Amino acid sequence: CIFRANKTSGSDPSSSYGGGLYVDLPASGTATVVNCTFTDNGFIQPKGYGGAIYITNGTLNVKNSIFWTNRVGAASGYGHELYVAGGTVSVTYSDLTGQSSPHVVATNAGVIQLGLDTISADPVFAGGTDLHLKSKGGRWDPVGGTWVRDSVTSPCIDAGDPSDSVRDEPQPNGRRINMGAYGGTAQASKTLLSGTLLMVR
């Protein structure tokens, strides 16, 4: 899924909650977010909590996802990417703008667990509204309807959970799923092959 440029106002005239996604589960409930891209989500009010995701209860598992340039407004310390007011959020094999406050915030009632396999690096999107990942090996251009090669390669390529299937990713795919919304799909950016090619006649 792609969560892009969503703006929430909420019922509180002074602040808002969950620019991209608001999670309120039973205490024993669990939800999973896999291969999603959250970017440019935020709020209409000057103050907000959880530019990309706000969770108040339950457990949320996030994997193979990208959180980039989500904003809570002028106020700092309210979780540009994630705000955990209650419950638990576990993030693995994902890219976040930052891994500490003000990007990721948990209250005393909330727990956030960031795996060592999370990164904080520019995902290098194609640009504009196109969220395909740039790649020297090849990137799908939806406007031209063709594959193009870039001068740079996104760090989110071949960076997802190595135990996950690459599913429909085209060759060459590095045998590892990409992060983000196009990971595991036929429009996943390709891996740049390196090494020596031997031709035998």
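Predicted model: local features only at pLDDT ≥ 70, side-chain atom pairs only at ≥ 80, totals over all residues.

Q: How do I read strands and their pairing?
A: Strands (E, at least two residues) are DSSP runs, numbered from the N terminus. Two strands pair if DSSP finds at least two bridges between them. Take strand 10: strand 5 (residues 30–34) pairs with it in the parallel sense over 5 bridges. Ala31 stands opposite Leu60 there. Strand 13 (residues 87–92) also pairs with strand 10, parallel, over 5 bridges. In that pairing Asn61 faces Ser90.

Q: Which side chains of strand 10 are buried?
A: Buried means under 20% relative accessible area, exposed means over 50%, and partly exposed lies in between (1.4 Å probe, protein chains only). Strand 10 alternates: Leu60 and Val62 point to one face and are buried.

Q: What is the strand order in the open sheet of 4 strands?
A: The order is 1-6-11-14, with parallel pairing. Strand 1 (2–4) and strand 14 (95–96) are the edge strands, each pairing on one side only. Inside the sheet, 3 bridges join strand 6 (residues 37–39) to strand 11 in parallel. Phe38 has Phe67 of strand 11 as its bridge partner.

Q: Where is Asn64 found, and why does it count as buried?
A: Asn64 sits in the loop between strand 10 (59–63) and strand 11 (66–68). Asn64 counts as buried because its relative accessibility is 0%.

Q: Which side chains make polar contacts with Asn64?
A: A polar contact is a pair of N or O atoms within 3.5 Å; within protein, one must be able to donate a hydrogen and the other to accept it, and residues adjacent in sequence count only if both atoms are side-chain atoms. The side chain of Asn64 makes one with the side chain of Asp164, at 2.9 Å. Another goes to the side chain of Asn35, at 3.4 Å. Contact in general means heavy atoms within 4.5 Å. Leaving aside neighbours within four places in sequence, the contacts of Asn64 include Cys36, Tyr93, Ile177 and Met179.

Q: How do strand 17 and strand 18 run?
A: Strand 17 (residues 125–127) and strand 18 run antiparallel, joined by 2 bridges. Phe125 stands opposite Leu133 in strand 18. The hairpin has 2 residues between the strands, and Gly128 takes a positive phi near 65° in this hairpin. Strand 18 (residues 130–133) is covered on both faces: Asp130 and His132 on one side, Leu131 and Leu133 on the other, are all buried.

Q: How many cavities are there, and what lines the largest?
A: On a 1 Å grid over the protein atoms alone, a cavity is a set of points where a 1.4 Å probe fits but cannot get out; lining residues have an atom within 4 Å of a point. Grid points are joined across faces, edges and corners, and a volume is the space filled by probe spheres set on the points. The count is 1 cavity of 30 Å³ or more. The largest cavity holds about 50 Å³ of space. Its lining includes Thr37, Ile66, Leu131, Leu133 and Gly180.

Q: Where does Leu131 sit, and how far is it from Gly180?
A: Leu131 is in strand 18. Leu131 counts as buried because its relative accessibility is 6%. Leu131 and Gly180 are 49 residues apart in sequence and 8.7 Å apart in space, C-alpha to C-alpha.

Q: What should I look for in the backbone?
A: Most residues other than glycine have a negative phi, and most peptide bonds are trans. Here a cis peptide bond joins Ser101 and Pro102, with omega about 10°. Another cis bond joins Gln171 and Pro172, with omega about -5°. Val124 has a positive phi near 55° and is not a glycine. Asp158, also not a glycine, has a positive phi of about 60°.

Key. Residues numbered from 1 in each chain as written. Heavy atoms only, no water. 1 Å grid on protein atoms, 1.4 Å probe; cavity = no way out; pocket = protein on both sides within 12 Å on 5 of 7 lines; lining within 4 Å.
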